Amino acid sequence: MKRQMVLRVVGKLFIPYMLLFALYVQFHGDFGPGGGFQAGVIAAAAIIFYALIFGLPAARRLAPDPIVEAMVALGVLLFAGVGVAGIVLGGNYLDYFVLDGDPVAGQHRGIFWVEAGVGITVTGVMLKIFYMFAGRGRSLDER
Amino acid sequence: MSAFGHYSYWITVLLMVAGLYIVIARGNLIKKLVGLSIFQTSVYLLYIAPGKLIGGTAPIIADGFRLYTNPLPHVLILTAIVVGVATLALGLAIAVRIREAYGSIEEDEILAADRDSEGGA
Amino acid sequence: MMAVTVITIVLQRNLFSVVVLAGIYSFLMATVLLALDAVDVAMTEASVGAGISTVLLLGALHLCGGEEAKPLHRPWLPLGVALVIVGALVYGTFALPEFSDPLAPFRTHVIPRYLEQALAETGVPNVVTAVLASYRGYDTLGEVVVVFTAGIGVIALLRRVPRREEER
Amino acid sequence: MTLAHLPALVVVVPLLAAPLVVLVRRAAAAWAIATAACAFSFAAAILLSAEVAAHGPMSYHLGNWPPPWGIEYRVDALSAFVLVLVSGIGTASALYAWRSAAAELSRDQLYLYYVMHCLCVAGLLGMTVTGDAFNLFVFMEIASLSSYVLIALGRDRRALLAAYQYLILGTIGATFYVIGVGLLYLATGTLNIADLAERLPQTASTRAVLAALAFITVGVSLKLALFPLHFWLPNAYAYAPSAVTALLAATATKVSVYVLLRFYFGVFGLRLVTETLPMAEILLVLSLIAIVTASLVALWQENLKRLFAYSSVAQIGYITLGVSMASPDGLTAAVVHLFNHGITKGALFLLLGGVALRAGGATMGSVQGLGRRMPLTSLAIVIAGLSLIGVPGTAGFVSKWYLVLGAIEAGRWWLAGFVVATSLIAVAYVWRFVEAAYLSEPGPATPGRGEAPAAMLAPALALAAACVFFGLQTSWTVGSARRAAELLLGGVP
């Protein structure tokens, strides 16, 4: 795999754009198709490609395990935290209306953060699962 | 009531049953999981196909369109897809562990292995 | 097309081809969904079903090895179960509204508010996003937690354990 | 202000605890967070149940969207009752896990165990309290995915296979449920349970509704291990870690029964369930078969965890028997038994976990002479066993009493006789334990003198004491169950 120059160059060129595309899907979800979940999958796919081309250790340097694991938890916390913020500000759980003086702006803000939470967790989980399966195979081969 | 009006349901049913058949009839743990995801996927069609309006458009509000496809099933199915892939990942993880513990992913062989170890104990 | 793919999956015993066929099946499904105007769902299905699932299945296959043994069971019982379900579903769906019927109950009840007011109430033109993140935001929280559960579950199951597991 | 938010908080707090635990990672802190979250839910559930008893059902609009557009949480007599059971057992099992899980799992898996524990409890609570059919599915999946992992964490390699089989069957069950809900949605256009109940009688597609009823019944029956869909249960219970067995045995199947009750009486309505389709008869026959065969199979088990797992299948039969009567007494019996059997089985499996920890396994061989070596534990097992049989003075008696009353009320004397007769089989398998523990000399597999660690013994003894307490003091359980039964039979909740 390491000798395939073309693949490496193309990969290097493409992967930043894939991540960029993921961000676009993440934040454009309000207007077109897309949203946190799809963006998360695309972002994770970008790094998985990176791992396929440059090897798993390289990918693990790019997105180290502890960070990925923290992402998994932080996304859920962010989402649930937005909900709690609703209660603290005097509304119901997951009430976005109270997040801003203007209800519609509050909705927009709520949706934005919630989608961000979804994106973070999904990226984290997909990467983590991939690491787990791929890492398992490696250690088996070595034995 | 025309047969064509329900055509989409029937395709759904066919896919569903094929998936379920794989799950029940096959002994290979991984193939069972593939069958399971086909079974789940077919449910997507059950929800989404009836929501389509001929002449309608995707549910993104814009000027110039009045007919939209039903958005609620889309939301539900997005959730269902996610649940499906979560189940698949977990199922595969368990299958991998089974393979390591038993050295096989055929249900019959595993059950036989268990019976042997029980008989020996 | 999809039907053909599925039947091939049923008959095929090489797991590698099964997995690839399942990927193709997902892509076909995504196309159908696109034709049904479910853009968000189609996009997810293409990336999840054809992308992530296939990668996962291949990863697992790499760990487990490829061929399926000959089935020992007689297929009559599963076939019987399958036929009963066909019966129940055909029976049930016959009375449902026809394809693209604009007066079906699920078009006149809850939906109109989403379609007419989502833009004004949430400021988001993509109704799917509006419903997903706001009206039914709690479902989405649940969905994220499901993903989270799966992620943590896979960690719990596949992380290398220092202690050798006991076999019995 | 807080009281009004409790319906959401009771679920959200354990849900929030899970990612927190992942970030903390240290086992002791993880345990503290998980236990605190469960205890909070328990307290909230008790408050809610008092509130509901005083002021009637509460409804909570998540995201402040009124149903049927948004998702509604609904607490009434029945769901508050189940909430108390689930969160109570969740707390006991979390306390217990401090020593038990530490002994059965490796150190770096421990915090993951607590994550799954929180998620499982949150999922079950969410299923109970939700008023939305699809939301119920989502939380069902949270609860099931986490329970697959919990079972797979068992030490024995057969735990993996049990978890896999449970995963396949559980997913089929959940998918059947989704198909049923989908059919209902296509027929009525709504997902809110109360709204469904209102709109169902007007729908034109009765056949779709009947098919939905069938799919939901099969799907939920898979989850609640109704005979003949119970294959996954004994292995799953036998090989899971002890604290998990107690948690699942006492809550998971019970919540599924609750879902079945909700749909039968809260959505489809009595007329559709009992008159259009012969559901009551089908349930009755299946329950009877379940009670007899599972009790008989239990008689021959050497592994005590398996023995009581089969006994669970039989006891679930008693619950569905009560459901099938569809009368006030029958339903009261079903709901009370749901609770009483929950605490009884919770106590039993926690105690057996203590035996397994000291002896390395809970088989008939390892409990020989246990009465002398672990006197408190064996005494408590006997008490819980008596409750399982339904001896007067224990919780089990109360529920069987109402079951018999319901049968007599319906003019089915033979059914009342049947309930009493099958209890004799339970006498037989509990006697096997008594015989081994008190009448035999300690064998080579019997543990030495000494009880299980206090952290394990205390929650187990508390539950065993609860078996007696709720056998003598029946006003709260029977009162709640009675109100729940009236609510269910009153039609639209």
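1. Is F79(A) buried or exposed? With 30 other C-beta atoms within 10 Å, F79(A) is buried, where buried means 20 or more such atoms within 10 Å, exposed 12 or fewer and partly exposed anything in between, with C-beta atoms placed from the backbone. The residue sits in helix 4 (residues 65-88) of chain A, helices being DSSP runs of H or I of at least four residues and strands runs of E of at least two, numbered from the N terminus. Leaving aside residues up to four places away in sequence, F79(A) touches V114(A), G117(A), V118(A), L141(C) and V144(C), a contact being a pair of C-beta atoms, placed from the backbone, within 7 Å. The C-alpha atoms of F79(A) and A116(A) are 8.1 Å apart, although 37 residues separate the two along the chain.

2. On provenance, this is a predicted model, in which local features need pLDDT of at least 70 and side-chain atom pairs count only at pLDDT 80 or more, while totals for chains, interfaces and linings use all residues. Residues are numbered from 1 along each chain as its sequence is written, and chains are lettered from A and ligands numbered from 1 in the order in which they are written.

3. Chain B has four helices and zero strands, which follow one another from the N terminus as α-α-α-α. Of its 121 residues, 66% are buried, and among contacts in chain B with a separation of 6 or more, 46% join residues 24 or more positions apart.

4. Chain D is assigned domain 1 (1-276) and domain 2 (278-493), with bounds from an automatic or database domain assignment. Their centres, taken over C-alpha atoms, are separated by 22 Å, and the contact draws on 44 residues of domain 1 and 50 residues of domain 2. On the domain 1 side, helix 10 of chain D gives the most, with 18 residues. That side has 30 nonpolar, 10 polar and four charged residues, counting Ala, Val, Leu, Ile, Met, Phe, Trp, Tyr, Cys and Pro as nonpolar, Asp, Glu, Lys and Arg as charged, and the others, Gly among them, as polar.

5. Also in chain D, the axes of helix 12 (residues 304-325) and helix 13 (residues 328-359) come within 8 Å and cross at roughly 170°. Helix 12 of chain D is therefore roughly antiparallel to helix 13 of chain D, a label for angles over 145 degrees. Their contact has 13 nonpolar, six polar and two charged residues.

Methods. Contact = placed C-beta atoms within 7 Å. Axes fitted to C-alpha atoms, helices over the stretch in contact; angles between N-to-C directions. Parallel < 35°, antiparallel > 145°, perpendicular 65-115°, else oblique.
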